[in-house]
Amino acid sequence: MKQLNDQYKNSSNLDIRINIHALYSTNKKDWFSWLFEQFEIQEVEDCWFNELY
């Protein structure tokens, strides 16, 4: 538990991790956009789900 407390006693370690991701991340598309594109969603005209909206 002490290691965990030391790791997060302030935001400096988190800032370092954020910097690393900003500098070296290769994916320019956010996770949710990419995930949505992976599904083949087809529009269905006669569907009970459409009535919810």
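1. Searching the whole structure, which is a predicted model, turns up 2 salt bridges, a salt bridge being counted when a side-chain nitrogen of Lys or Arg lies within 4 Å of a carboxyl oxygen of Asp or Glu. Residue numbers start from 1 along each chain as its sequence is written, and side-chain values rest on heavy atoms, with hydrogens and water left out. Local features need pLDDT of at least 70 and side-chain atom pairs count only at pLDDT 80 or more, whereas totals for chains, interfaces and linings use all residues.

2. One of the salt bridges joins D6 to K2, with 3.0 Å between the closest N and O atoms. Both residues belong to helix α1 (residues 2-7), where they are 4 residues apart, about one turn of the helix. D6 is partly exposed at a relative accessible area of 37%, while K2 is exposed at 60%; here buried means under 20% relative accessible area, exposed over 50%, and partly exposed in between, for a 1.4 Å probe and protein chains only.

3. A salt bridge also links E37 with K29, and its closest N and O atoms are 2.9 Å apart. E37 is partly exposed, having a relative accessible area of 49%, and K29 is likewise partly exposed, with a value of 34%.

4. As to the fold, the protein chain has 3 helices and 0 strands, giving the pattern α-α-α when read along the sequence; helices (H or I, at least four residues) and strands (E, at least two) are DSSP runs numbered from the N terminus.

5. For the chain as a whole, buried residues account for 0% of its 53 residues.

6. The mean pLDDT of the protein chain (pLDDT being the predictor's confidence in each residue, from 0 to 100) is 81, and 81% of the residues reach 70 or more. Confidence is lowest in α1, with a mean of 82, and highest in α2, at 90. Where pLDDT is low, the predicted coordinates should not be read in detail.
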